[in-house]
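Please keep the structure in view while reading.

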Amino acid sequence: MPSPSSRPFSRPSRRTVLATGSVLGGTLLAGGLPAPAGAADTAPAGSDPWRAVLDDADLVWQRMPKTWYEGPFLGNGFLGSGIYAEPAAEDGTFQAVRFNVQHSEVQDHRPQFGSLFGLARLPIGHFTLEPVGTITGLDWRLGLRDAELTGTLTTDRGTLTIRALVHNSRSTLAVEVTPSQGERDFAWAFHPAEAVSPRAAFRPLPQGYEPNPPAETSEHDGIFAAVQPLRSGGQHVTAWRERTRGGVRTLYAHVAHSYPRSTALGRALAAVRDASKLAYDALAVSHRAWWHAFYRKSFLSLPDARMQRFYWIQLYKTASAARRDAPVMATCGPWLESTPWPATWWNLNVQLEYWLIHASNHLELDAVTRALSEFRDNLTAETAPAYRADSLGIPRTTDASLVNGGATGPVLGYGVGIPGQDPPTPEVGNLTWALHNVWLSYRHTMDESILRDVLFPLLRKAINYYLHFLEPGADGKLHLPATFSPEYGGNSRDCNYDLMLLTWGCRTLLESAELLRIDDELAPRWREVLARRADYPTDGNGFMIGADIPFAKSHRHYSHLLAVYPLYELTGRTPEERALIEKSLAHWVGFEGALQGYTFTGAASMSALLGKGEDALSYLGQLMTRFIQPNTMYQETGPVIETPLSAAQSLHDMVCQSWGGVIRVFPALPAAWADLTVHNFRTQGAFLLSAVRKDGVTRWVRLHSEAGAPCVVRHGISGPIEVRDGRGRPLRYESVGDGAIQVALRKGESALITARGDRPDLRITPVEPNEEAPRWGLPG
């Protein structure tokens, strides 16, 4: 059997995939429906397209990872483990491997010190795997399909064969080690971390802030527990035990957090006790089943091998870091490392972290909609008392329950700034932007409960906060007092960040009220805002930061361009509008110095909007070469997770766009991507899109309606077309201009679009790569 990292690159040839109508491999059934999710789990790897692309995307290590940015990572939205070497000895040799143990719920609870110290996520600690001998080599593989790390650690005394996972539902880290004779006496050790905000390594501690007391370790009937008491009350506990079965030793570890009660110890002990009753193989069964089903909800294959692997790793990363019932992702997901950013950031990070869940058909990971709904009362408290009766807002940073603790502590007691005043910084638009993510979840599912129960009531109050401050000027237009554009510096009247979000918010409220049949008393005011609000400030270089501040220095953030992306309020529909977008984009990225990774993902998506696939690919290429780390992680001083995830969304924007009520198939592909396969991509209107492109030609497009919403599609097939239903019968359609057609589809119905007379192969298969490329990780 080949070693984990020596399996050859393999994709099935087009001749080896199963015929249309098979229930294996996720190929389309005769009626156009996808095969059952678990049908291919036992199929030969060569017959299953998901298995082919996932096996190909596995990360490999044949050199020792030295940092979080280089090593394997495991997680389930709550418990996370990053795996890399303990620092080398003076002679440069490695004596141990660390398995970090961090948890997205573990935080401090002292709001008087603000979100970055008093409510910060707290480090927990790490296990070290300590061989008998000195480490001389390794051969590891992070298998995406099973979400497991496997491989061998070699020392001058023997070998340690490793399998590791963070169990999907049990939140247990399980590490199975099979030692050779010379390594039978290897050891595990747990090292509790100091329970202090990681920001303390980068900024002075606030006056009066004291670190939490040290953790205390004790044994409970063969299970060890490190109990970390918190000065605010409550505790977090890491419990673990090792079980030996034959010559195999397995470590089981679990983390629990409780506040204000001290109940975490009992829960942690019980979780380890239950999990350790199972051998590793038995424990892995349900874990693997969840992951296998997860991936099969959508499919993407493109001829850039490095980029395709990157994409599937981002899906793995997102499902390792996010769950609907988990905290909204903090800046580094569940893998807390040394960082000045130990909180959840709402002026870009959260929004970018979750965009990819929509098109990839993974709404089960949507913690944003759940959290904004669950903690809406906390959002009320983050506005100044004078506005709490009818307004909501979210500060730049919060803890897991969306509490900030006051921008300057208990003096103010609230975190959302007031337009025209400072402090706190009047960064007002963050909630409205976050609610755009909720709107995306509604539009991609057409679930009216999201619109009625979450989006409309919260957006109404977020926009109402703006309405308190809009004032008519001498020009008769409505103007905003000075607010802050993340993260340019300085406050400006008529700040584009806020004007653009205000415009989108008023338009969305009016459309939502009509859909919900609500005669809202504020509707006339929303219409007035749309009719009379100040124009977006521009100058000879394009969009300004605001009326008082030109865009005149390097700036990583596209806060002044939100109307272009992701709001799609300005799309280049006229030559003048397109020229303004192109000028603004070029001016923004033309300033080197402060540009960061998400600068290039934003630029890629804006280029995709304009149909410029070559430019989009170029921006993503710069991201890959300049910023993405060996394991596809990313850093700005400390680890931040949003940029690689938003790069996956940029790929989505090149492959499919669905704004403005129109589904656009392959709108911005570079010439090198002559072949491409997409299956069950979720679009706005709650459609599932499947399509295949071969030799630079779109061969077929299929849309399945989950909600019966209007179906308008720009299919990209040249010449006369045919549209047929799931049984092959002709469907009537209407041409609506600009290469688009409208098809009447009821809920549950499908439409297949092909060139007239063409009967293309409808099988879902991976495409062949244009050229070989190295794997992610640290291959030899």
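1. Which residue in β37 does Trp61 stand opposite? Trp61 stands opposite Leu778. Strand β1 (residues 59-61) and β37 run parallel and are joined by two bridges. Strands here are DSSP E runs of at least two residues, helices are H or I runs of at least four, and both are numbered from the N terminus.

2. This is a predicted model, in which local features need pLDDT of at least 70 and side-chain atom pairs count only at pLDDT 80 or more, while totals for chains, interfaces and linings use all residues. Residues are numbered from 1 along each chain as its sequence is written, and side-chain values use heavy atoms, with hydrogens and water left out.

3. An open sheet of 10 strands has the order β11-β12-β13-β14-β9-β8-β7-β6-β1-β37, with mixed pairing (two strands pair if DSSP finds at least two bridges between them). β11 (216-220) and β37 (777-778) are at the edges with a single partner strand each, so one side of each has no neighbour in the sheet.

4. Helix α4 (residues 280-295) lies across β7 (148-155), β8 (158-166), β9 (172-179) and β14 (248-258). α4 runs at about 40° to β8 (axes are lines fitted to C-alpha atoms, for helices over the stretch in contact, and angles run from 0 to 180 degrees between N-to-C directions). Contact means heavy atoms within 4.5 Å.

5. Helices α10 (residues 430-445) and α12 (residues 496-516) pack at about 40°, their axes 10 Å apart. Residues of α10, including Trp433 and Trp439, meet residues of α12, among them Tyr497 and Trp504.
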